[in-house]
Structures are given as structure tokens and as C-alpha cells.
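Trainee: Could we go through this one together? I'd like to see how the labels get decided.

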Amino acid sequence: MIRFLDLKLVNQRYNDVFKKSFDNFLNNGHYILGEQVIGFEKEFAAYCGTKHCIGVSNGLDALELIFEAYKTLGVLKANDEVIVPANTYIASVLSISNSGLRPVLVEPNINTFNIDPSLIEKAITSKTKAILGVHLYGRLYDVEQLEKIAINNNLVLIEDAAQAHGAATIDGRKAGNVSNAAAFSFYPTKNLGALADAGAVTTNDKALADVIFKMRHYGRASSYENDIKGRNCRLDEIQAAFLRIKLKHLKTDNIRRQGIARTYFELTKNEKIILPHCKILSQHVFHLFVIRSNKRDLLREYLYKNGVESIVHYPIPIHHQKAYQEFGSLKLPITEQIHNEVLSVPLNTGLNSEQVLKIVKLINSF
């Protein structure tokens, strides 16, 4: 069986250096917000091209901290509307509603899976104060168009970059540096994955960064001075140490992912299969390789019977989730079509060329 993702295999090459790093961490005796977190924040900010990086506990907390910090700064207030793609993972929408804001679901472009810029302005009202763009599956959203819409309508632009570590625009700007602030997840399955939950915020806004630095750590300005009502959502020191090791290999890993994607694009020949739309590989880091078929469930069963595991990202759209019953009456046909047709096939650095060719052969024979 070719597993969809074998994390043990993916991380195996780091075994020795991880063990050494853990021993250093253990013997250091400083386990919370120490030199590893500080080092990772500097290195990841430099990687993204931003002035600030704040390590936090996970991607959802990263998004919520951005919204809460903007509320603290008076940029946002309770019940303001935030535009968000309707087909994203639920964490994007949870971050908005958990922060006392109102999500406004907008349909994606069926070819890119990202929010359709042509539909955003139609959704803007006097209550709209922000756009949460999502680089879904590792492909950048339409950076130029979303920036233009945000500027023209005086909106805050925020990136959910949880799946897009290293994706870049034609002019070289990376995910995490194409908005006012960005949230990253380092969940173990990500292109840059920790060995547990972890996340970060990147921004060029010093005032925002200062608030988030305090907010992630009880709102503390110093040991026993609390300037704001904060939370406890710090990046673990040991996870920061592991991330620093893996960050050095992220560029090479993304190139490997793009190479596998290129093989899928060049060799897949099946009229029943719709490949993801991608003109420029460098703008997509292929956290997931997501194909479409109106016979998706049969295709998934066929692949499994022939030794290939695949996954549906995601089977139930947000407006059909019990958690968001208030959106149940929305008509979102593009979103529903995507959720009914998408299938993620294996694409990760643990695959070898023989396995990739086997997957292509099976897809072509379906």
C-alpha cells in the first residue's frame, strides 16, 4: 500500500539530528520561550521576508491572535464582517467567529480552488472590515487582485498561509509577506511540519506584532506586568528546535514536491480526471495535489483496491456543518461541486519515482 502520507518515513532522515537537538533542549533547562523559539522566529521571518515572526501554539491560535490584536488596536470591533472563501478548512472560519467577528462566505474559482476575486466586492458591505484569504492546498490566492480590493475598500488583508510555506509570487514575495498579517500552521503534515502542534504569525506591522507577542503570553509586558488580557498559546521550545532543523530543507523539499507535481501534470491522461490549474509551479508548493472527478468515490475505491491511499479534502463544506447551521440556507454551487469532486492523491517527500509512476498509471487506467 502506498500510504497517502507516512510521517515516520518523511521524518526518518532527521532522526539523529532530532535526538541531538532534544538532548541539547533537555540539558539546557530552559523549556519555555527560550533561544530556540527566538532563533526560529528570526529565521522564519527572514525566510518569509517579513520584519516580525511570532511563534505560537498552532495555526488556529495564530489566526485568532491576529483578529484579537486588531481588535485591541481598534482596527476591528465585535460583529465586523470578514470575507473568507467558502471551501476552506473550517479552522479559517472558526478563527473569525471565535473572535466575535462575522464570517461572510464567498465562492472560490473552481479551477484554482482559491477565493474568486470577481465575487469579493459584491460581498462587501458597510460592516466589512477584513478579508481572510486562504492559500488553499499550497497555491497562492490572486495576490494582486486581493491587495487591490483591500486597498480600494480600506480593508485589512490577512493570509491563512497554513498550507503554503514557501509559495511565492512572480516577483519573489513569499506567502506570509503578501498581506497585513499572516498565520501559519506547522501541524506535522504541513510542508514545514513540527512533531506536534505549532504555528506562527508573520507581519511587517510593529504595533500588531507587539500586541501579539504580549497576547500569546498572558498579555505580559514583563514578568508580572500585564498590559492586555492575553492567552497562553506559546510555541513550544522543543518544536521550535525541530522546526529550525527542517526549515533548512524546506526549499529543497518544495522543489521535490513541484517535481512530483510536474510528473502528474505531464503524464496523467484521463478524460474522467481534472487536474489542478497551475501555470507557474513556483507559485504552488503542493501541500496537496488535488484532482477532480465526478466519479470521485469510485476513483478513490479503485485506487485503494490497487494499493494507493487517497484522501478527500474536504468532504463536507462549512455551510453544511452542524457547527454553522446559520449558513445552512446559503446556495454555494461551486463550493458544493468542489467538495463532491475533489480527491487528494499522494504527494510528499517520502515518495519515490516508482511509486509516483504507479499512481499515474492507476489514474490513467481508471
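Trainee: What makes α10 and α13 roughly parallel to each other?
Mentor: Helix α10 (residues 250–267) and helix α13 (residues 353–365) pack at an angle of about 30°, with their axes 10 Å apart. Angles under 35 degrees count as roughly parallel, over 145 as roughly antiparallel, 65 to 115 as roughly perpendicular and the rest as oblique, so α10 and α13 are roughly parallel. Those axes are lines fitted to C-alpha atoms over the stretch in contact, with angles from 0 to 180 degrees between N-to-C directions. The helices themselves are DSSP runs (H or I, at least four residues; strands are E, at least two), numbered from the N terminus.

Mentor: Keep in mind that this is a predicted model: local features need pLDDT of at least 70 and side-chain atom pairs pLDDT 80 or more, while totals for chains, interfaces and linings use all residues. Residues are numbered from 1 along each chain as its sequence is written, and side-chain values use heavy atoms, leaving out hydrogens and water.

Trainee: Which residues of α10 and α13 meet?
Mentor: R256, I260, T263, Y264 and L267 in α10 meet S353, V356, L357, I359, V360 and N364 in α13, contact being heavy atoms within 4.5 Å. By class that's 7 nonpolar, 3 polar and 1 charged, where Ala, Val, Leu, Ile, Met, Phe, Trp, Tyr, Cys and Pro are nonpolar, Asp, Glu, Lys and Arg charged, and the others, Gly among them, polar.

Trainee: What lines the largest pocket?
Mentor: There are 33 lining residues, with Y89, Q163, Y187, T189 and K190 nearest the centre. On a 1 Å grid over the protein atoms alone, a pocket is an open set of points where a 1.4 Å probe fits, with protein on both sides within 12 Å along at least five of seven lines, and lining residues have an atom within 4 Å of a point. α4, α5 and β6 (181–185) each supply at least two of the lining residues.

Trainee: And how much space lies in the largest pocket?
Mentor: About 660 Å³, a volume being the space filled by probe spheres set on grid points joined across faces, edges and corners. The second largest pocket holds about 510 Å³.
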